[in-house]
Amino acid sequence: MHVHNPIDPANKDLLLPDTTVCYGMSAPPALSDPEAAIQKALNAPIKSKPLSVIAKEKLDANKDATAVIVISDNTRPVPYKGKGNILVPILTTLLETGYKSRHITVLIATGTHRPMTTEEIERIIDPWVFESGIAVVNHDCKDESILTYLGKTERGSEVKINSSYVNADLKILTGLVESHFMAGVSGGRKSVCPGLISEHGTFLFHGADLMGHPDSRDLNLEGNPVHEESLAFAKMAGVDFIVNVTLDHKFAITGVYAGDLEAAHLAAFEMVKGYAKVPIAEEADIVITHGGFVGINHYQSAKAAFASIGALKKDGYLISIANFTDKKDIIGSITYKTVLAILSLCGAEALIQVLHSKDWPFIPDQWQVQKWAPVFEKIPLDHYYYFAPQLTKADGPGLPGINAATLTDSKEYSEVVKTLLQIIRERENGRALKIIWLSDGPYSIPYVK
């Protein structure tokens with residue numbers, strides 16, 4: 001059967017066996033008039049004064065008031081460019097209220113990701129922003145000179161936040177709300193934490209205890225310590241207004257949620273929770289998934305693997321396909337590779353023991369490897385097959401699972417998957433195997449109903 005492969009640049013369908021069962025979420029329809037919906041959300045927000053009123057109050061208090069609009073980096077398909085984008089209406093509102101363009105900054109919440117290149121920035125932001133003379137800058141979690149210390153959370157996390165944001169009179173967050181494998185959902189408070197924090201600020205927030213907590217999971221906010229810590233950071237930094245969206249499979253806007261930090265984000269969460277949990281009839285011997293838009297490298301493809309756990313039989317097989325578009329590093333940081341090598345060499349149980357050891361020094365990006373561990377608690381390391389056209393045979397050592405490039409020279413998704421399925425059948429002596437295709441990759445959470 002032919003199924004849509006959303007990560008194939010050539011838009012070629014994926015050819016799968018006819019016995020494959022396909023599961024995906026039923027997202028609400030795209031908005032017929034996103035521009036009108038965005039404007040309505042700015043003018044009639046959730047538990048908040050309109051953005052124009054808040055902006056005017058700041059300007060009345062300081063005629064040279066500054067504003068910072070926080071945006072996501074290129075790991076999220078937030079509409080910041082073209083028709084129906086959310087950035088230009090926000091900036092237009094500020095300029096019409098009386099803000100000077102030189103007093104407005106668009107701040108990219110890179111978190112612990114690398115800074116975006118000029119080319120990458122221009123690819124996601126509407127040209128109107130640059131033509132209007134509005135500065136667009138990256139956050140850098142490693143540059144202490146651009147951070148302001150605000151104290152500590154109740155849990156003891158160091159709260160150092162980007163100074164441009166802290167010092168701004170008007171603070172606006174933007175983002176996408178979708179399922180997130182440790183924070184419950186993205187968006188809202190995550191624009192500040194981890195978006196604008198120091199690298200050291202991740203030590204507790206992304207430490208082994210919080211990452212390993214049973215409530216730090218997809219589509220859960222209640223009792224989720226990662227969500228709670230992120231919200232604590234955001235409240236200490238201060239947030240005047242948020243503009244979050246939900247999107248469909250084609251990245252068209254399905255909902256706009258603007259206003260109060262917590263209330264608007266919660267409204268978006270309730271919407272997403274209603275459709276992102278996907279009931280399935282039974283777990284499968286083989287699950288095929290994809291990295292989605294976020295899967296720009298191996299680091300980000302962890303989200304698809306983690307999201308597939310609920311569809312996998314114990315000791316089953318997982319095939320993950322992706323399109324690694326990160327031209328800087330298709331795997332991840334050196335620290336990510338270092339901790340990942342421990343998982344690959346020693347297994348999930350040993351990794352978790354190491355990360356919880358009092359003698360283990362916290363290493364940035366260990367949290368992403370820790371989220372790989374539950375996958376390999378359910379299936380053996382060599383039952384995970386992964387493929388991206390950018391990977392070569394040399395990319396295998398130190399990575400858990402089996403790199404498809406070591407098994408086939410093909411760069412075609414369908415041919416690679418066909419080869420991998422044949423290899424698995426041979427490993428299982430030709431017995432009948434149930435196969436599931438997760439059409440939404442990391443964005444939906446399957447569970448046995």
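The model is a predicted one, in which local features need pLDDT of at least 70 and side-chain atom pairs count only at pLDDT 80 or more, whereas totals for chains, interfaces and linings use all residues. Residues are numbered from 1 along each chain as its sequence is written, and side-chain values use heavy atoms, with hydrogens and water left out.

The buried residues of α13, which spans residues 348-356, are A348, L351 and L355. They lie on the same side of α13 because they cover an arc of only 60 degrees around the axis, the arc being that of the directions from the helix axis to the C-beta atoms. These buried residues pack against α8 (208-211), α12 and α14 (366-378), where contact means heavy atoms within 4.5 Å. Helices (H or I, at least four residues) and strands (E, at least two) are DSSP runs numbered from the N terminus.

The structure holds 25 salt bridges, each defined as a side-chain nitrogen of Lys or Arg within 4 Å of a carboxyl oxygen of Asp or Glu. In one of them, K313 pairs with D285, the closest N and O atoms being 3.3 Å apart. This pair links distant parts of the chain, with K313 in strand β16 (residues 312-321) and D285 in strand β15 (residues 284-290), 28 residues apart. K313 is partly exposed, at a relative accessible area of 28%, whereas D285 is buried, at 7%. D285 and K313 are also linked with E428 and R431 in a network of salt bridges. A further salt bridge joins the side chains of D382 and R427 (3.2 Å, N to O). Here D382 lies in the loop between α14 and β17 (384-387), and R427 in helix α15 (residues 413-427), 45 residues apart. Both are partly exposed, D382 with 38% relative accessibility and R427 with 32%.

The largest pocket is lined by 42 residues, of which P6, F251, G292, F293 and Y443 lie nearest its centre. By class, its lining has 18 nonpolar, 12 polar and 12 charged residues, where Ala, Val, Leu, Ile, Met, Phe, Trp, Tyr, Cys and Pro count as nonpolar, Asp, Glu, Lys and Arg as charged, and the others, Gly among them, as polar. A pocket is an open set of points on a 1 Å grid over the protein atoms alone, where a 1.4 Å probe fits, with protein on both sides within 12 Å along at least five of seven lines, and lining residues have an atom within 4 Å of a point.

Note on methods:
Buried < 20%, exposed > 50% of the residue type's maximum accessible area, 1.4 Å probe, protein only.
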